[in-house]
Amino acid sequence: MSETIETSSEIITLTIDGQEIQAAAGQTILQAAQKNGIYIPTLCALHATKENGLESDIAPGTCRICTVKVNGRTMAACTTPVAQGFVVENDTEELNDLRKTIVELLFVEGNHFCPSCEKSGSCDLQALAYRYQMLSPRFRYAFSSREVNAESPKLLFDRNRCILCRRCVLAIRTEDGKQLFGFTKRGDKSGIIMDEELVKNISEEQAQQAMHICPVGAIIRKEKGFDTPFGQRKYDQNPIGSETVCTTCNGEKS
Ligand code: SF4
Ligand code: SF4
Ligand code: FES
């Protein structure tokens, strides 16, 4: 599991979906794909931008939506470093069905009522459900009922929408490096916990950053609803996959 990714100047040549591309040694397959305008879906990995306040990409490696085949073996694109001559399969029927299965599992595992969710239109999970044309999930709903925490004056934390990606755990810290979010327990008992004192005193900027970093509507900024109206939100404008980082924009698109 990697948190940040170091790169070097050595050039690696590999193919993704038959397209030959070049990457720097130390880059992940995901980073190499993004730099070359090739879309690989993500939920837990996040490219660093000014908007999300990250100084380097993060890749918790928790969601597996980025699964590709590397020389015939399934691997997570966000945690696998490129190597000379890699043959990567990405946009195939088999892998896209696997990704759709992950999306369906996440929908039935939590409680997702998109029409009443503040993140609707900017939610990566919802956008992937549209991308993979999810209608009715193949799996039974778990009807989970988890705690919603509204103690913080600035944040609402709804665990029913949390997909346990761990982005908040890796990315949200106080200026002196203390984690605001942590991970607890294992298996179906696993969950995200907050340091309630630190979250109570969270700054405006950090509250905004936390909502932005969460790929779903689990972390919601209080008192700031509908800043962007429905119909004008990120994935209302462009479907997920059109935000791939390209070489000409130098990674500035989120
Ligand atoms: S978090 Fe996303 S998928 Fe879940 S209810 Fe909100 S918009 Fe829908
Ligand atoms: S709260 Fe959001 S960012 Fe944190 S683990 Fe859950 S889904 Fe991921
Ligand atoms: S995006 Fe690669 S494991 Fe989540």
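The model is predicted, so local features need pLDDT of at least 70 and side-chain atom pairs count only at pLDDT 80 or more, while totals for chains, interfaces and linings use all residues. Residues are numbered from 1 along each chain as its sequence is written, chains are lettered from A and ligands numbered from 1 in the order in which they are written, and side-chain values use heavy atoms, with hydrogens and water left out.

Let us begin with the sheet. Five strands, ordered β2-β1-β5-β3-β4, make up an open sheet with mixed pairing. Helices (H or I, at least four residues) and strands (E, at least two) are DSSP runs numbered from the N terminus, and two strands pair if DSSP finds at least two bridges between them. At the edges sit β2 (19–24) and β4 (73–76), each of which pairs on one side only. On average, neighbouring strands of this sheet are turned by 40° against each other, direction ignored; axes here are lines fitted to C-alpha atoms, for helices over the stretch in contact, and angles run from 0 to 180 degrees between N-to-C directions. Within the sheet, β1 (residues 11–16) and β5 (residues 87–89) pair in the parallel sense over 2 bridges, and Thr15 has Val87 in β5 as its bridge partner. Helix α2 (residues 93–109) packs on this sheet and touches β3 (67–70) and β5, its direction making about 150° with that of β3. Contact means heavy atoms within 4.5 Å.

Next come the charged pairs. The whole structure holds 13 salt bridges, each a side-chain nitrogen of Lys or Arg within 4 Å of a carboxyl oxygen of Asp or Glu. One of them joins Arg233 to Glu118, with the closest N and O atoms 3.4 Å apart. This pair links distant parts of the chain: Arg233 lies in the loop between β10 (219–221) and α7 (234–237), and Glu118 in the loop between α2 and α3 (124–131), 115 residues apart. Arg233 counts as buried at 3% relative accessibility, and Glu118 is buried too, at 16%. For these labels, buried means under 20% relative accessible area, exposed over 50% and partly exposed in between (1.4 Å probe, protein chains only).

Arg161 and Asp158 also meet in a salt bridge, at 3.7 Å from N to O; Arg161 is buried at 15% and Asp158 is buried at 11%. For Asp227 and Lys224, the closest N and O atoms of the salt bridge are 3.5 Å apart. Here Asp227 counts as exposed at 53% and Lys224 as partly exposed at 34%. Elsewhere, salt bridges with shared partners join Asp97, Glu104 and Arg138 into one network.

Now turn to helix α6 (residues 204–213), whose buried residues include Gln206, Ala207, Met211 and Ile213. Among the elements that cover them are β7 (155–158), α4 (167–171) and β10.

Strands β8 (residues 181–184) and β9 (residues 191–194) pair in the antiparallel sense over 4 bridges, with Phe181 opposite Met194. There are 6 residues between the strands of this hairpin, where Lys185 takes a positive phi near 60°.

Finally, visit ligand 2. It is surrounded by 14 residues, the closest being Cys162, Cys165, Arg166, Cys168 and Cys214; a residue is near if one of its heavy atoms lies within 4 Å. By class, the shell around ligand 2 has 12 nonpolar, no polar and 2 charged residues. Ala, Val, Leu, Ile, Met, Phe, Trp, Tyr, Cys and Pro count as nonpolar, Asp, Glu, Lys and Arg as charged, and the others, Gly among them, as polar.
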